[in-house]
Amino acid sequence: MPHIRTRFAPSPTGYLHIGGARTALFNYLYARHCGGKFVLRIEDTDRKRSTPEAIDAILWSMEWLQLEWDEGPFYQTERMDLYRERIQALLNAGDAYPCVCTPETLDAKRQAALAEKRKPMYDGTCRPPERAAVPLPEGVPYTIRFRSPESGATVVDDKVKGRVEFHNTELDDLILARSDGSPTYNFCVVCDDIDMGITHIIRGDDHLSNTPRQMQLYRALGSEPPVFAHVPLILGEDKKRLSKRHGATSVTAYRDMGYYPDALNNYLVRLGWSHGDQEIFDAREMVEKFDIDAVGKSSAVFNPEKLLWLNAHYLKERPMSRLAEDTLPYLAAKGYPIPEDRSWLEKIVETLRERAKSLVELVDMAHYFLADTVEIDEKAGRKHLVPETRNLLQEVSVRLRNLADFNEDGIEQVFGDIVAERDIKLGKVAQPVRVALTGSTVSPGIYEVIDVLGRGATLARLAASIRYIDTHSSAAK
RNA sequence: GGUCCCAUCGUCUAGCGGUUAGGACGCUGGCCUCUCACGCCAGAAACACGGGUUCGAGUCCCGUUGGGAUCACCA
């Protein structure tokens, strides 16, 4: 295949959302898979809605997802000369003409059509009878319209949808340039895609209906249309197009919630695309195996739970030292001091990684390691920190104080001895200790917890739990 | 409403005329076990409906129904 070129062309009117990210991913993967180029273009012709913040967010998100572009970012606002030149060419050839209809009359006609249940279309008031250049009006505002074929059909040979035929009578003369002279989206895209040599356009299928017009534009501009691949949209749980009201949809939100870019990419690539029964794809495998042929035709519902599962998977796969480092920003976000002893952090993280599905969850679970004191969960305290366990906690405390080798093996020995001597189940002693040390009935293995906490903190908390028993039992009387 | 697209477990999907319709998430049960989680094992769960074509349709065709997209001087 000769020099494949794909592109991602977001409009910076908001953050990069899940759907956009998948489109970008598909374009990126396809380019890489084919050994082609991936270009990034910012479609900012709508100056009113485009913001620098949105541009930053999009670029940041692309980088975070490691969707490296080879060329760009190009900005349409910097390419006005190109559009002007092309419009002039179309005007000269008679493929475009000025239209002096006002927005008001157009709107009135549209309303009337809708009221009569007719399809609202431009009625061709200003369209010249012949395909020939006409003089531009003076003294009145005008738009430039494309003179589209009035008969026949335009067929899109789509790589995912197959052959889709549109009757040209369904297509009216679209506006190429607004009355202020600025070019419109459908026109800019085509100019840019021609100019940038884009060979494959992979985008959401909400653009499918734009495609025949764009193809006509290609031809009027003297170019052959590229290959189109319209991928189905991602839907929310209510089967409606995914949007903000479905909850977290921006890439940055997932970063904030402690997700890995690998997990998000993996989830997204499997939405609408598959490779047999395979679920897990690392970055290299995605590039190797991705192909448009295997992209499905039907839309997919976004399922946060599967994404979470995938994230847990990547969390577990992560090398320990990297994982510990990954938690740093989340620790900071929660206001925890960054532990100076990195190996201690690693020990904490190691006990929690199997239990957490996201970095945020992991950091939350680490609270009893990171805070100076624990808060005893009321229900847990009532059940396990009672006079009957006071003696047991005391015993554990004494033995841990005297333990020569304070490590997991030694700690296990202590518990083993107590259990054997008293002939009780391990749970009888482990649970009260767990509540004393973590404030909760749920935690990693008790030996690990003690080991990570260290002798000092363990003894302090055990002592505190005994005071807790004393105050609570006397208060109960 | 017009045009276009789509249709396998709740969800993501495999299937490309002959399968006990497979996998994954989630769910349920069990095992493991100091709690939780991980892990392991097991289970419930789908071809939207109706016509054709064919010896034989989840697979091909048509219709119905349902869902979605789109109809701007937005992108």
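## Report on a predicted protein–RNA model

Helix α18 gives the most to the surface near RNA strand B, with five residues. This is a predicted model, in which local features need pLDDT of at least 70, side-chain atom pairs count only at pLDDT 80 or more, and totals for chains, interfaces and linings use all residues. Side-chain values use heavy atoms, with hydrogens and water left out.

### The RNA surface

A residue is near a strand if one of its heavy atoms lies within 4 Å of it. There are 66 residues around RNA strand B, and R178, K240, G272, E354 and R434 come nearest. By class, this surface has 26 charged, 21 polar and 19 nonpolar residues. Here Asp, Glu, Lys and Arg count as charged; Ala, Val, Leu, Ile, Met, Phe, Trp, Tyr, Cys and Pro count as nonpolar; the others, Gly among them, are polar.

Which part of the RNA lies within 4 Å of the protein? Of those RNA atoms, 72% belong to sugar or phosphate. The rest belong to bases.

| Residue | Protein atom | Distance to a sugar or linking oxygen of RNA strand B |
|---|---|---|
| E43 | polar backbone atom | 3.3 Å |
| K316 | side-chain N or O atom | 3.1 Å |
| T441 | backbone N or O atom | 3.1 Å |

Several elements give two or more residues to the surface near strand B: α4 (103-115), β7 (162-167), α5 (185-195), β12 (300-301), α10 (304-317), α18 (426-438) and α19 (446-476). Helices (H or I, at least four residues) and strands (E, at least two) are DSSP runs, numbered from the N terminus.

### Aromatic contacts

The whole structure holds 10 aromatic pairs. Rings of Phe, Tyr and Trp (its six-membered ring) pair if their centres lie within 6.5 Å; planes under 30 degrees apart count as stacked, over 60 as edge-to-face and the rest as tilted. F415 and Y447 make an edge-to-face pair, at 5.5 Å centre to centre with 65° between the planes. That pair links distant parts of the chain: F415 sits in helix α17 and Y447 in helix α19, 32 residues apart.

Are these two residues buried or exposed? F415 is buried, with a relative accessible area of 0%. Y447 counts as buried at 18%. The cut-offs are under 20% for buried, over 50% for exposed and partly exposed in between (1.4 Å probe, protein chains only).

F26, W273, F281 and F290 form one aromatic cluster. Elsewhere, R145 lies over the face of Y122, 3.4 Å from the ring centre. A charge sits over a ring if NZ of Lys or CZ of Arg is within 6 Å of the ring centre and within 35 degrees of the ring normal.

### Cysteines

How many disulfides does a search of the whole structure find? It finds zero. The cut-off is a pair of cysteine sulfur atoms within 2.5 Å. C99 is in no disulfide; its nearest cysteine sulfur, that of C101, is 3.7 Å away. C99 counts as buried at 1% relative accessibility. C188 is also in no disulfide, and the sulfur of C191, the nearest, is 6.5 Å away. C188 is buried too, at 0% relative accessible area.

### Backbone and loops

A cis peptide bond joins G72 and P73, with omega about 5°. P73 lies in strand β3 (residues 71-75). Q66 has a positive phi near 60°, in a residue other than glycine. Q66 is in the loop between α2 (52-64) and β3.

K239 is not a glycine, yet has a positive phi of about 70°. Its place is the loop between β11 (234-235) and α7 (251-256). K239 is exposed, with 59% relative accessible area.

S250 is in the loop between β11 and α7. S250 counts as buried, at 14% relative accessibility. Its side chain makes a polar contact of 3.2 Å with the side chain of T252. The S250 side chain also reaches the backbone nitrogen of A253, at 3.1 Å.

D405 is in the loop between α16 (387-402) and α17 (408-422). At 52% relative accessibility, D405 counts as exposed.

Definitions and conventions
Residues numbered from 1 in each chain as written. Chains lettered and ligands numbered in written order. Polar contact = N/O pair within 3.5 Å; in protein donor to acceptor, adjacent residues only side chain to side chain.
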